[in-house]
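Biologist: I'm new to this one. Could you walk me through how to read it?
Modeller: Happy to. Let's look at it together.

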Amino acid sequence: AHLDRIAAVDGEINAFLHVEAESVLAQARAVDERLARGERLGPLAGVPVAHKDVFTTSDMPTTAGSKILEGWRPPYDATVTRRLREAGLVILGKTNLDEFAMGSSTENSAYGVTRNPWDRSRIPGGSSGGSSAAVSAYEAPLSTGTDTGGSIRQPAAVTGIVGMKPTYGGSSRYGLIAFASSLDTPGPFARNVLDAALLQEAFSGHDPLDSTSIDAAVPPLVEAARQADVAGLRVGVVKEFGGEGYQAGVLARFHEAVELLESLGAKVVEISCPSFAYALPAYYLIAPSECSSNLARFDAMRYGLRVGDDGTRSAEEVMALTRAAGFGPEVKRRIMLGTYALSSGYYDAYYGQAQKVRTLIMRDFEAAFHQVDVLVSPTTPTTAFPIGERADDPMAMYLADLCTIPSNLAGNAAISVPCGLADEDGLPVGLQIMAPVLGDDRCYRVGAAVEK
Ligand code: GLN
């Protein structure tokens with residue numbers, strides 16, 4: 001049924017970069033055989049999933065949305081991919097994304113833009129826009145994404161689905177093509193909170209192959225989603241997120257969600273997190289800095305594209321030609337920003353300063369979580385914007401991540417759940433629920449109580 005749906009709508013949506021049509025039924029039959037042999041698979045055995053094309057898959061191409069990896073077939077599975085295979089999920093294919101996950105609209109993909117199923121002239125969010133569109137358009141029941149600065153929560157919000165950024169280190173980065181290693185976090189997309197909890201539980205847990213993986217028990221996510229009760233919970237409304245620059249319809253749905261929480265027995269208070277105002281600039285120094293270092297591995301020798309290797313040029317010339325041809329404009333912009341921020345003489349003023357801001361943001365969260373169990377905000381300041389509207393204005397594009405980035409810098413858990421449609425345009429609005437590090441279960445508990 002999902003393959004039929006993909007065949008019917010993906011020509012226009014362009015959620016998928018690669019569909020594994022021939023193998024889907026074979027994968028499903030193999031799961032049947034495993035069950036017949038008495039193997040105990042998880043609750044998602046046989047359920048299809050689509051992977052953001054930034055997770056390596058041993059039997060499918062992996063491009064990260066970039067020309068520089070066109071045609072590359074990884075020799076191994078990412079931990080997320082492998083664990084979901086082991087749990088018996090069937091891989092439908094790989095989804096579109098902003099090149100190397102850099103963007104908020106999926107317009108930076110080298111393979112064309114993905115369209116928002118609610119209004120095909122609008123963006124599906126990004127960078128995991130293929131994964132959000134696939135689930136929103138019923139092309140897949142579940143998908144994976146990565147959230148470095150909001151790239152799961154923001155696309156979930158603007159396509160009317162659930163998207164969760166787990167605690168940093170709670171889901172393995174092994175086999176995830178790196179953008180900013182101290183921020184990159186794999187997470188789930190689903191059409192309801194319980195499904196997202198099932199998916200996250202299926203790939204979570206300590207991974208010795210990722211040195212930043214947390215060696216602790218996975219919080220009881222599915223149990224929390226089933227509990228779906230907020231009575232007595234203390235909820236903080238982040239004072240800094242709202243007001244100017246926020247769409248009226250987004251704020252209206254957000255305030256209704258807060259009233260709903262109150263009517264369900266939560267105790268709502270306003271919380272000030274003054275350092276959150278500096279999260280965006282700090283992120284846009286830290287993330288490009290890490291990217292400039294991570295993307296050095298695309299040197300024309302190890303993977304994918306190689307340009308100008310005709311026997312007359314040096315390795316350095318081939319590398320330069322390949323990177324010039326293989327990387328898109330946003331990736332080049334980030335590499336230049338990051339290289340500058342890390343360079344001698346500027347390091348302390350930019351990168352060092354941004355790291356100090358990061359510490360202040362962590363302290364704001366710590367202080368807040370002494371007073372409340374979760375924090376809430378709109379996920380994004382606006383609903384999905386028209387394709388092309390912010391393409392030439394990086395600053396306007398970056399603002400889409402205003403509310404999501406603090407949780408990336410601090411590493412805590414945060415989810416986006418649908419909270420209705422904006423009056424102006426009838427497009428989905430997301431409610432963000434933020435919880436402390438390893439408090440992922442709280443996101444699911446509160447999310448399940450209020451999701452629309
Ligand atoms: N939009 C942000 C950026 O471009 C976040 C990306 C992400 O979370 N992968 O960096």
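Biologist: Where does UniProt place the feature "active site"?
Modeller: Keep in mind that this is a predicted model. The UniProt record, an unreviewed entry, puts "active site" at K52, S127 and S151. They are spread over 100 residues of sequence, yet they cluster in space, with a largest C-alpha distance of 11.0 Å.

Biologist: Now the helices. What describes two packed helices?
Modeller: Two things: the angle between their axes, and the distance between those axes. Take α9 (residues 279–294) and α12 (residues 348–371): they pack at about 125 degrees, with their axes 9 Å apart. So α9 and α12 are oblique to each other. Their crossing is left-handed.

Biologist: Which residues of α9 and α12 meet there?
Modeller: From α9, you have A279, A282, L285, I286 and S289; across from them in α12 are Y350, Y351, A354, V357, R358 and I361. Sorted by class, this contact of α9 with α12 holds nine nonpolar residues, one polar and one charged.

Biologist: How do the axes of α9 and α11 cross?
Modeller: At roughly 100 degrees, and the axes of α9 and α11 (residues 329–342) come within 7 Å. That angle makes α9 roughly perpendicular to α11. On the α9 side, the contact is made by L285, P288, S289, C291 and S292, while α11 brings R334, I335, L337, G338, T339, A341 and L342. The classes here are seven nonpolar, four polar and one charged. Notice that L285 and S289 turn up in the contact with α12 as well as in the contact with α11.

Biologist: What about α6 and α15: at what angle do their axes cross?
Modeller: Roughly 160 degrees, for α6 (residues 193–203) and α15 (residues 440–450), and their axes come within 9 Å. So α6 is roughly antiparallel to α15. V193, L194 and A197 of α6 meet Y444, G447 and A448 of α15. That contact has five nonpolar residues, one polar and no charged ones.

Methods: Residues are numbered from 1 along each chain as its sequence is written. This is a predicted model: local features need pLDDT of at least 70, side-chain atom pairs count only at pLDDT 80 or more; totals for chains, interfaces and linings use all residues. Axes are lines fitted to C-alpha atoms, for helices over the stretch in contact, and angles run from 0 to 180 degrees between N-to-C directions. Helices (H or I, at least four residues) and strands (E, at least two) are DSSP runs, numbered from the N terminus. Angles under 35 degrees count as roughly parallel, over 145 as roughly antiparallel, 65 to 115 as roughly perpendicular and the rest as oblique. A crossing is left-handed if the near helix is turned anticlockwise from the far one by less than a right angle, and right-handed if clockwise. Two residues are in contact if their C-beta atoms, placed from the backbone, lie within 7 Å. Ala, Val, Leu, Ile, Met, Phe, Trp, Tyr, Cys and Pro count as nonpolar, Asp, Glu, Lys and Arg as charged, and the others, Gly among them, as polar. UniProt positions are given in the numbering used here, feature names are shortened, and annotations may be inferred rather than shown by experiment.
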